[in-house]
Amino acid sequence: MSALRLGCDLSHVFCAKQAGIPIKCYSPDLIVHPYFEEGDPSAHQATIEKMRSWLPRLTSLVVGPGLGQDPEMWALAADIVALAREQQLPIILDGDAISLVCRRPELVRGYPRAVLTPNFNEFKRLISHLVAEAEVAQGADPLLLLYRALGGPTIIQKGAEDRIVDGDGVVTVALEGSPRRCGGQGDLLAGTLGVFTHWVPTVQGDHPDRPMLRAAQCAALVTRTCSRLAFARSGRAMTAQEMVALVPEALTACEGLALGGGC
């Protein structure tokens, strides 16, 4: 929904069969594909073939929100990420997909069109799985250590300030958000990021300047602005649904902000 409110043409949701009707009932604007047979390994290959036919029609892929912990769903997600990488799609990994990267870092290692969006606890898990304790003990920036361990994906370390790293260094987005981070805010960031990872390289042309990092900056700016506006209206009662409704207003408010290290 955040991708649609930002301005993408179509938003597809690929999900487990039992989730299809609830998601479709959430909004008629979502195109729902209930392909996944949770707990049924025998359906794995048929699902992968369906996804293989769909991926060339997409401009980016967001993996992770609502994925859950079912082993077969994880296996499907891993194979779909591999397919998307073969087709050079931008891939945003959020939520439960961060745990998948902890176990299968080779899925994104060395892939510059992937973006990881860990929150505080997910970032700690990534560090514990992928960075040697001796390196952490030396006092180097954990975000840089994690980037070095994965060697390609852009990483957004979400927090009081959003810190974003790519091969050219770290940029901080410190635009005022809200004093409360409500549930679902990370999903809004992932959805808008899916759109910006397509838009930014398109706008920049043949020689884009740090396109995944610029996309991450844009998504962080819009998400923080949504959060600030929602808190101004509802205080601590703010919800992610309110934030999604404010995406168009936030985008307009962010249009005049310059991208760069001072965000």
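1. Aromatic pairs. In this predicted model, a search of the whole structure turns up 3 aromatic pairs. One of them joins Phe-14 and Tyr-35, whose rings are tilted, with 6.1 Å centre to centre and 50° between the planes. This pair links distant parts of the chain: Phe-14 belongs to strand β1 (residues 12-16) and Tyr-35 to strand β2 (residues 31-36), 21 residues apart. Both Phe-14 and Tyr-35 are buried. Together with Trp-54, Phe-14 and Tyr-35 make up one aromatic cluster.

2. The pair in helix α9. Phe-196 and Trp-199 are arranged edge-to-face, at 5.7 Å centre to centre and 80° between the planes. About one helical turn separates Phe-196 from Trp-199, because they are 3 residues apart in helix α9 (residues 185-204). Phe-196 has 6% relative accessibility and therefore counts as buried, whereas Trp-199, with a relative accessible area of 29%, is partly exposed.

3. Overall fold. The protein contains 12 helices and 8 strands. Its radius of gyration is 18 Å, which agrees with the value near 18 Å for a compact globule of 263 residues. Along the principal axes, the C-alpha atoms fill a box of roughly 50 × 45 × 40 Å. Of the contacts between residues at least 6 apart in sequence, 61% join residues at least 24 apart.

4. Burial and surface. Of the 263 residues, 51% count as buried.

5. Charge. There are 24 positive and 28 negative side chains. The centres of these two sets lie 2 Å apart.

Methods: Residues numbered from 1 in each chain as written. Predicted model: local features only at pLDDT ≥ 70, side-chain atom pairs only at ≥ 80, totals over all residues. Heavy atoms only, no water. Helix = DSSP H or I, 4+ residues; strand = E, 2+ residues; numbered from the N terminus. Rg over C-alpha atoms; globule rule 2.2 N^0.38 Å. Buried < 20%, exposed > 50% of the residue type's maximum accessible area, 1.4 Å probe, protein only. Contact = heavy atoms within 4.5 Å. Lys, Arg positive; Asp, Glu negative; His and termini not counted. Charge placed at Lys NZ, Arg CZ, Asp CG, Glu CD. Phe/Tyr/Trp six-rings, centres within 6.5 Å; stacked < 30°, edge-to-face > 60°.
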